[in-house]
Amino acid sequence: MCSFCNQRHITGKKTPPNVQDVINSVNVAIQSKNYDPLTTEIAFFGGSFTAINRNYMLRLLKVAYKFVCDGIVSGIRISTRPDSIDEEILFLLKQYGVTSIELGAQSLNDTVLMLNNRGHSARDVINSSNLIKKHGFSLGLQMMTGLFGDTYENSIYTANEIIKLRPDTVRIYPTIVLKNTDLAALYDDKKYKPQTIDEAVELCSELLIMFKDANIKVIRLGLHSIEDNSYIAGPWHPAFSELCYSKIYLKNVKKLLLQEGKYTLYVNKSNISKMIGQNKCNITLLKKIGFDCIVKGDDELPEYDIRVERR
């Protein structure tokens with residue numbers, strides 16, 4: 001098992017899903033007011049789907065595929081390991097309506113992968129990514145920051161290598177130390193020092209810009225939740241992505257504010273809270289360095305763009 005993994009603490013599930021779980025999940029989803037069969041997918045996440053028992057995998061796929069055939073969902077999304085993909089498995093997945101495959105790449109540095117017991121190489125990520133795209137699937141790649149033996153520079157390298165692979169989507173997860181993992185033992189032995197929140201936000205905000213500039217969509221930034229009492233250490237925050245977006249806006253506006261004074265900052269309405277920052281942290285910091293700012297909305301402005309007017 002990899003050094004940081006404990007899927008139970010991340011998903012809260014003590015037992016693997018069965019056929020009835022799939023049926024129940026779909027029945028719940030179709031009752032949602034936001035349900036749309038054209039955008040709703042069945043997702044098998046939180047593990048290595050193509051590495052599980054083949055008969056068990058087929059049972060889950062068969063029940064899920066029926067919902068695809070009936071037009072209740074648009075497709076099936078799975079996550080798996082880079083070394084659990086080949087031509088035969090891709091042919092099988094295509095038969096059962098799988099449309100998107102996400103790989104837990106985590107790092108494209110072989111030393112980091114080895115230190116974290118990932119059991120696959122960077123070459124496995126590259127080969128599987130190319131194979132997935134060749135067979136017409138949507139490709140998602142997951143990367144982690146702050147792994148054991150990792151550095152800021154290695155994470156930037158991994159992001160650049162991921163960009164070369166041209167995935168459709170990316171997820172970024174700062175490493176969290178969870179109970180009952182090898183990483184927890186390394187942390188207890190003082191051999192592993194996790195990122196601070198500030199370090200993780202600084203790095204992940206840089207990664208966000210890299211992927212945006214490459215027109216690659218980041219669909220998740222930070223763990224959405226972890227099981228109660230499972231957290232030991234690391235940069236977990238319930239609004240981690242918001243912190244990263246706020247950091248980007250702070251960096252951008254500081255480039256525009258050259259003279260002390262009072263200013264109105266215009267951003268897209270949907271991004272006002274990101275410009276202000278959590279607990280008004282961006283506005284407070286700007287005021288400390290001589291810029292008294294208020295924030296207003298302008299729907300004409302694209303994401304990350306800021307218009308500055310002196311008051």
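This is a predicted model: local features need pLDDT of at least 70, side-chain atom pairs count only at pLDDT 80 or more; totals for chains, interfaces and linings use all residues.

Trainee: Why is α7 called roughly parallel to α9?

Mentor: The axes of α7 (residues 152-165) and α9 (residues 197-213) cross at roughly 20°. Angles under 35 degrees count as roughly parallel, so α7 is called roughly parallel to α9. The two axes come within 10 Å, and the crossing of α7 past α9 is right-handed.

Trainee: Which residues of α7 and α9 meet?

Mentor: From α7 there are Tyr-152, Ser-155, Ile-156, Ala-159, Asn-160, Ile-162 and Ile-163; from α9 there are Leu-203, Glu-206, Leu-207, Met-210 and Phe-211. Sorted by kind, the residues of this contact are nine nonpolar, two polar and one charged.

Trainee: What makes Arg-166 partly exposed?

Mentor: Its relative accessibility is 38%. Buried means under 20% and exposed means over 50%, with partly exposed in between, so Arg-166 at 38% counts as partly exposed. Arg-166 sits in the loop between α7 and β5 (169-174). Its phi is near 55°, which is a positive value in a residue other than glycine.

Trainee: How do you know that Lys-280 is exposed?

Mentor: The relative accessible area of Lys-280 is 56%. The cut-off for exposed is over 50%, so Lys-280 is exposed. Lys-280 belongs to the loop between α11 (272-276) and α12 (281-288), and its phi, near 60°, is positive in a residue other than glycine.

Trainee: Is Leu-285 buried, partly exposed or exposed, and what makes it so?

Mentor: Leu-285 has 34% relative accessibility. Leu-285 is in helix α12. Its C-alpha atom is separated by 9.1 Å from that of Leu-250, 35 residues apart along the chain.

Trainee: Which residues touch the most other members of the largest nonpolar core?

Mentor: They are Ile-101, Phe-211 and Leu-265, in a core of 75 residues. Helix α3 (residues 54-69) gives the largest share, nine residues. Another core, of 16 residues, lies apart from it, with Phe-4, Leu-183, Tyr-192 and Ile-226 among them.

Trainee: What does Ile-101 touch, leaving out residues up to four places away in sequence?

Mentor: Its contacts include Ile-78, Ile-85, Leu-90, Phe-137 and Gly-140.

How values were computed. Residues are numbered from 1 along each chain as its sequence is written. Side-chain values use heavy atoms; hydrogens and water are left out. A nonpolar core is a set of buried Ala, Val, Leu, Ile, Met, Phe, Trp, Tyr and Cys residues joined through side-chain atoms within 4.5 Å. Buried means under 20% relative accessible area, exposed over 50%, partly exposed in between (1.4 Å probe, protein chains only). Helices (H or I, at least four residues) and strands (E, at least two) are DSSP runs, numbered from the N terminus. Contact means heavy atoms within 4.5 Å. Axes are lines fitted to C-alpha atoms, for helices over the stretch in contact, and angles run from 0 to 180 degrees between N-to-C directions. Angles under 35 degrees count as roughly parallel, over 145 as roughly antiparallel, 65 to 115 as roughly perpendicular and the rest as oblique. A crossing is left-handed if the near helix is turned anticlockwise from the far one by less than a right angle, and right-handed if clockwise. Ala, Val, Leu, Ile, Met, Phe, Trp, Tyr, Cys and Pro count as nonpolar, Asp, Glu, Lys and Arg as charged, and the others, Gly among them, as polar.
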